Amino acid sequence: MKYRRRNPVADAFQLNRDAEVNAPEWFLRAVKKEVIYFDRCIMDGAVRIYGCTINTGCGKLRAKIGDYIVREHTGEIRPYKSREFSSVFEGV
């Protein structure tokens, strides 16, 4: 889904437990390049995603399930908490 940042437009999606399967291609490419790592734990004998870690020029940023992952127009990928995301972005 695309969202507008009041200017310019950015790509974004809400991180969920099925992100390895249904995340956008730009996110999965960043995972393959090891820019993003899934944070996992074992619960009831199954491996589950509880978030991700994004390597940026400013250090590592963490996102939890329910946070939004945004690819800015510059190509930078960063997480936003739901409340912060809704105050900065609007749907297109």
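The protein has an accessible surface of about 6,000 Å², and carbon and sulfur atoms make up 49% of that area. Accessible areas come from the Shrake-Rupley method with a 1.4 Å probe, and for residues only the protein chains shown count as cover. The model is a predicted one, in which local features need pLDDT of at least 70 and side-chain atom pairs pLDDT 80 or more, whereas totals for chains, interfaces and linings use all residues. Residues are numbered from 1 along each chain as its sequence is written, and side-chain values use heavy atoms, with hydrogens and water left out.

Three helices and eight strands form the secondary structure, in the order β-β-α-α-β-β-β-β-β-α-β from the N terminus. These elements are DSSP runs: helices are H or I with at least four residues, strands E with at least two.

Of the 92 residues, 36% are buried, that is, under 20% relative accessible area; exposed means over 50%, and partly exposed lies in between (1.4 Å probe, protein chains only).

The structure contains zero disulfides, a disulfide being a pair of cysteine sulfur atoms within 2.5 Å. The relative accessibility of two cysteines is as follows.

| Residue | Relative accessible area | Class |
|---|---|---|
| Cys52 | 0% | buried |
| Cys58 | 79% | exposed |
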